[in-house]
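Please keep the structure in view while reading.

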Amino acid sequence: MRSFNDLLFDYANHIEMEDRKAIEAELWQRFGAHGAVYVLDMAGFSRVTRAQGIVYYLSLVRRMQIIVEPIIESYHGRVLKFEADNCFAAFPVAVDAARAAIAINHAMSATNRTVPDDLDIVVSGGIAAGDYLLIDGNDLWGDPVNVASKLGEDLAGPGEILITAEAMAEIDPAAGITGEAVNFSISGLRLDAFQLRF
(Lines give C-alpha, C1' and ligand atoms only; values in the text may rest on other atoms or scores of the structure.)
Protein backbone atom coordinates (compact mmCIF):
# COMPACT_ATOMS: atom_id res chain seq x y z
CA MET A 1 0.00 0.00 0.00
CA ARG A 2 1.43 3.37 -1.00
CA SER A 3 2.32 5.82 1.77
CA PHE A 4 0.90 9.31 2.11
CA ASN A 5 4.10 10.81 0.69
CA ASP A 6 4.15 8.36 -2.22
CA LEU A 7 0.58 9.32 -3.10
CA LEU A 8 1.46 13.02 -2.96
CA PHE A 9 4.44 12.42 -5.24
CA ASP A 10 2.22 10.51 -7.70
CA TYR A 11 -0.31 13.35 -7.61
CA ALA A 12 2.36 15.92 -8.41
CA ASN A 13 3.64 13.85 -11.33
CA HIS A 14 0.33 13.12 -13.07
CA ILE A 15 -0.72 15.57 -15.73
CA GLU A 16 -4.19 14.17 -16.31
CA MET A 17 -6.80 15.73 -14.05
CA GLU A 18 -8.72 12.46 -13.87
CA ASP A 19 -5.65 10.69 -12.44
CA ARG A 20 -5.13 13.47 -9.92
CA LYS A 21 -8.75 13.26 -8.81
CA ALA A 22 -8.42 9.51 -8.27
CA ILE A 23 -5.27 9.99 -6.16
CA GLU A 24 -6.91 12.79 -4.18
CA ALA A 25 -9.94 10.58 -3.53
CA GLU A 26 -7.64 7.83 -2.23
CA LEU A 27 -5.84 10.29 0.04
CA TRP A 28 -9.11 11.49 1.57
CA GLN A 29 -10.48 7.95 1.84
CA ARG A 30 -7.39 6.69 3.69
CA PHE A 31 -6.31 9.76 5.66
CA GLY A 32 -9.39 11.98 5.86
CA ALA A 33 -10.87 12.98 9.21
CA HIS A 34 -13.62 15.31 10.34
CA GLY A 35 -13.88 17.20 13.58
CA ALA A 36 -12.58 20.24 15.43
CA VAL A 37 -8.95 21.32 15.55
CA TYR A 38 -7.61 23.29 18.52
CA VAL A 39 -4.28 25.11 18.34
CA LEU A 40 -2.83 26.54 21.54
CA ASP A 41 -0.01 29.07 21.62
CA MET A 42 1.93 30.35 24.61
CA ALA A 43 2.18 34.12 24.83
CA GLY A 44 5.46 36.00 24.93
CA PHE A 45 7.94 33.45 23.57
CA SER A 46 10.41 35.95 22.06
CA ARG A 47 10.18 38.46 24.90
CA VAL A 48 10.49 35.92 27.71
CA THR A 49 13.25 33.93 26.00
CA ARG A 50 15.32 37.05 25.44
CA ALA A 51 14.82 38.20 29.03
CA GLN A 52 15.17 34.85 30.83
CA GLY A 53 16.87 32.46 28.41
CA ILE A 54 15.72 29.43 26.48
CA VAL A 55 16.03 26.90 29.35
CA TYR A 56 13.71 29.03 31.46
CA TYR A 57 11.14 29.22 28.69
CA LEU A 58 11.41 25.52 27.84
CA SER A 59 10.63 24.71 31.47
CA LEU A 60 7.40 26.70 31.09
CA VAL A 61 6.64 24.87 27.84
CA ARG A 62 7.06 21.53 29.59
CA ARG A 63 4.75 22.60 32.43
CA MET A 64 2.17 23.72 29.84
CA GLN A 65 2.35 20.29 28.17
CA ILE A 66 1.82 18.47 31.48
CA ILE A 67 -1.24 20.62 32.28
CA VAL A 68 -2.79 20.58 28.80
CA GLU A 69 -2.69 16.94 27.71
CA PRO A 70 -4.93 15.41 30.42
CA ILE A 71 -7.47 18.21 30.02
CA ILE A 72 -7.69 17.63 26.27
CA GLU A 73 -8.12 13.88 26.85
CA SER A 74 -10.83 14.48 29.45
CA TYR A 75 -12.89 16.28 26.77
CA HIS A 76 -12.57 13.41 24.24
CA GLY A 77 -9.69 15.07 22.41
CA ARG A 78 -6.24 13.91 21.49
CA VAL A 79 -2.98 15.81 21.42
CA LEU A 80 -1.52 15.21 17.98
CA LYS A 81 1.70 17.07 18.59
CA PHE A 82 3.48 19.64 20.68
CA GLU A 83 5.58 21.85 18.46
CA ALA A 84 7.72 24.60 20.03
CA ASP A 85 5.30 26.41 22.38
CA ASN A 86 2.21 25.19 20.51
CA CYS A 87 -0.20 22.33 21.00
CA PHE A 88 -2.19 20.81 18.14
CA ALA A 89 -5.20 18.76 19.21
CA ALA A 90 -8.18 17.14 17.50
CA PHE A 91 -11.70 16.62 18.84
CA PRO A 92 -14.68 14.75 17.41
CA VAL A 93 -16.93 17.82 17.85
CA ALA A 94 -16.48 21.57 18.31
CA VAL A 95 -18.22 21.75 21.68
CA ASP A 96 -15.58 19.44 23.20
CA ALA A 97 -12.78 21.59 21.77
CA ALA A 98 -14.38 24.75 23.18
CA ARG A 99 -14.89 23.20 26.61
CA ALA A 100 -11.31 21.92 26.68
CA ALA A 101 -9.90 25.31 25.65
CA ILE A 102 -11.89 27.04 28.39
CA ALA A 103 -10.81 24.45 30.97
CA ILE A 104 -7.17 24.92 29.92
CA ASN A 105 -7.39 28.68 30.39
CA HIS A 106 -8.95 28.18 33.84
CA ALA A 107 -6.25 25.67 34.76
CA MET A 108 -3.50 28.08 33.70
CA SER A 109 -5.05 30.87 35.78
CA ALA A 110 -5.33 28.57 38.81
CA THR A 111 -1.73 27.37 38.40
CA ASN A 112 -0.47 30.93 37.98
CA ARG A 113 -1.86 31.79 41.42
CA THR A 114 0.43 29.19 42.98
CA VAL A 115 3.72 30.33 41.42
CA PRO A 116 5.70 33.58 41.32
CA ASP A 117 4.59 36.02 38.61
CA ASP A 118 7.65 35.33 36.48
CA LEU A 119 6.56 31.69 36.15
CA ASP A 120 3.06 32.50 34.91
CA ILE A 121 1.89 30.77 31.74
CA VAL A 122 -0.58 32.59 29.50
CA VAL A 123 -2.04 30.90 26.43
CA SER A 124 -4.19 31.80 23.47
CA GLY A 125 -6.20 29.40 21.37
CA GLY A 126 -7.90 28.94 18.02
CA ILE A 127 -10.62 26.44 17.09
CA ALA A 128 -11.89 25.51 13.63
CA ALA A 129 -13.95 22.58 12.37
CA GLY A 130 -14.14 20.65 9.13
CA ASP A 131 -12.33 18.03 7.08
CA TYR A 132 -8.58 17.55 7.37
CA LEU A 133 -5.92 14.97 6.58
CA LEU A 134 -4.47 13.03 9.52
CA ILE A 135 -1.14 11.36 8.79
CA ASP A 136 0.38 8.66 11.02
CA GLY A 137 -1.89 9.76 13.85
CA ASN A 138 0.29 12.75 14.75
CA ASP A 139 0.35 15.21 11.89
CA LEU A 140 -2.53 17.04 10.27
CA TRP A 141 -3.13 19.23 7.25
CA GLY A 142 -6.12 21.12 5.92
CA ASP A 143 -8.16 24.27 6.13
CA PRO A 144 -9.30 23.78 9.76
CA VAL A 145 -5.65 23.37 10.78
CA ASN A 146 -4.59 26.53 8.94
CA VAL A 147 -7.48 28.58 10.30
CA ALA A 148 -7.11 27.33 13.90
CA SER A 149 -3.40 28.18 13.69
CA LYS A 150 -4.10 31.69 12.41
CA LEU A 151 -6.67 32.26 15.14
CA GLY A 152 -4.62 30.81 17.98
CA GLU A 153 -1.14 32.01 17.05
CA ASP A 154 -1.65 35.25 15.14
CA LEU A 155 -4.99 36.75 16.13
CA ALA A 156 -5.95 35.72 19.65
CA GLY A 157 -4.52 37.88 22.39
CA PRO A 158 -3.13 36.50 25.65
CA GLY A 159 -5.84 34.53 27.43
CA GLU A 160 -8.22 34.65 24.44
CA ILE A 161 -9.91 31.78 22.63
CA LEU A 162 -11.16 32.39 19.09
CA ILE A 163 -13.48 29.96 17.31
CA THR A 164 -14.66 30.13 13.72
CA ALA A 165 -18.27 31.03 13.05
CA GLU A 166 -18.71 27.63 11.36
CA ALA A 167 -17.47 25.76 14.42
CA MET A 168 -19.58 27.92 16.72
CA ALA A 169 -22.65 27.12 14.61
CA GLU A 170 -22.08 23.41 15.32
CA ILE A 171 -22.42 23.99 19.07
CA ASP A 172 -25.91 23.60 20.52
CA PRO A 173 -26.90 26.81 22.36
CA ALA A 174 -27.94 24.60 25.29
CA ALA A 175 -24.22 23.87 25.84
CA GLY A 176 -23.83 27.37 27.28
CA ILE A 177 -20.84 28.29 25.11
CA THR A 178 -21.11 31.97 24.21
CA GLY A 179 -18.92 34.50 22.52
CA GLU A 180 -18.65 37.88 20.88
CA ALA A 181 -18.59 38.01 17.09
CA VAL A 182 -15.31 39.29 15.63
CA ASN A 183 -14.00 39.57 12.06
CA PHE A 184 -10.46 39.45 10.78
CA SER A 185 -8.65 39.83 7.51
CA ILE A 186 -5.26 38.12 7.40
CA SER A 187 -3.12 36.74 4.57
CA GLY A 188 -5.87 37.61 2.11
CA LEU A 189 -8.49 35.67 4.08
CA ARG A 190 -11.59 36.97 5.79
CA LEU A 191 -12.26 35.10 9.02
CA ASP A 192 -15.58 35.34 10.82
CA ALA A 193 -15.13 34.14 14.37
CA PHE A 194 -16.23 34.44 17.96
CA GLN A 195 -14.17 35.35 20.99
CA LEU A 196 -15.35 32.91 23.64
CA ARG A 197 -16.63 34.23 26.94
CA PHE A 198 -15.57 32.35 30.04
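In the counts below, Ala, Val, Leu, Ile, Met, Phe, Trp, Tyr, Cys and Pro are taken as nonpolar, Asp, Glu, Lys and Arg as charged, and the others, Gly among them, as polar. The model is predicted.

**The largest pocket**

- Rolling a probe the size of a water molecule over the atoms shows where empty space is left.
- The lining of the largest pocket consists of 15 residues.
- Those that lie nearest the centre of this pocket are Ala 43, Arg 47, Val 48, Leu 60 and Asp 120.
- Two or more lining residues are given by helix 3 (45–52) and by helix 4 (54–74).
- Helix 3 provides the largest share of this lining, 4 residues.
- By type, the lining of the largest pocket has 9 nonpolar, 2 polar and 4 charged residues.

**The second largest pocket**

- Ala 128, Ala 129, Asp 143, Pro 144, Val 147, Thr 164, Glu 166, Arg 190, Leu 191 and Asp 192 line the second largest pocket.
- At least two residues of this lining come from each of strand 4 (123–135), helix 6 (143–155) and strand 8 (189–196).
- The lining of the second largest pocket divides into 5 nonpolar, 1 polar and 4 charged residues.

**Helix 4 and helix 5**

- Two packed helices are described by the angle between their axes and the distance between the axes.
- For helix 4 and helix 5 (residues 94–112), the angle is about 140° and the axes are 10 Å apart.
- Helix 4 is therefore oblique to helix 5.
- Their crossing is right-handed.
- Helix 4 makes the contact through Arg 63, Met 64, Ile 67, Val 68, Ile 71 and Ile 72, and helix 5 through Ala 100, Ala 103, Ile 104, Ala 107, Met 108 and Thr 111.
- The residues of this contact are 10 nonpolar, 1 polar and 1 charged.

**Helix 1 and helix 2**

- Helix 1 (residues 4–13) and helix 2 (residues 17–31) cross at roughly 160°, and their axes come within 9 Å.
- Angles over 145 degrees count as roughly antiparallel, so helix 1 is roughly antiparallel to helix 2.
- The crossing of helix 1 and helix 2 is left-handed.
- From helix 1, the contact uses Phe 4, Leu 7, Leu 8, Asp 10, Tyr 11 and Ala 12.
- From helix 2, the contact uses Arg 20, Ile 23, Glu 24, Glu 26, Leu 27, Arg 30 and Phe 31.
- Of the residues in this contact, 8 are nonpolar, none are polar and 5 are charged.

Technical notes:
Residues are numbered from 1 along each chain as its sequence is written. This is a predicted model: local features need pLDDT of at least 70, side-chain atom pairs count only at pLDDT 80 or more; totals for chains, interfaces and linings use all residues. Side-chain values use heavy atoms; hydrogens and water are left out. On a 1 Å grid over the protein atoms alone, a cavity is a set of points where a 1.4 Å probe fits but cannot get out, and a pocket is an open set with protein on both sides within 12 Å along at least five of seven lines; lining residues have an atom within 4 Å of a point. Axes are lines fitted to C-alpha atoms, for helices over the stretch in contact, and angles run from 0 to 180 degrees between N-to-C directions. Angles under 35 degrees count as roughly parallel, over 145 as roughly antiparallel, 65 to 115 as roughly perpendicular and the rest as oblique. A crossing is left-handed if the near helix is turned anticlockwise from the far one by less than a right angle, and right-handed if clockwise. Contact means heavy atoms within 4.5 Å.
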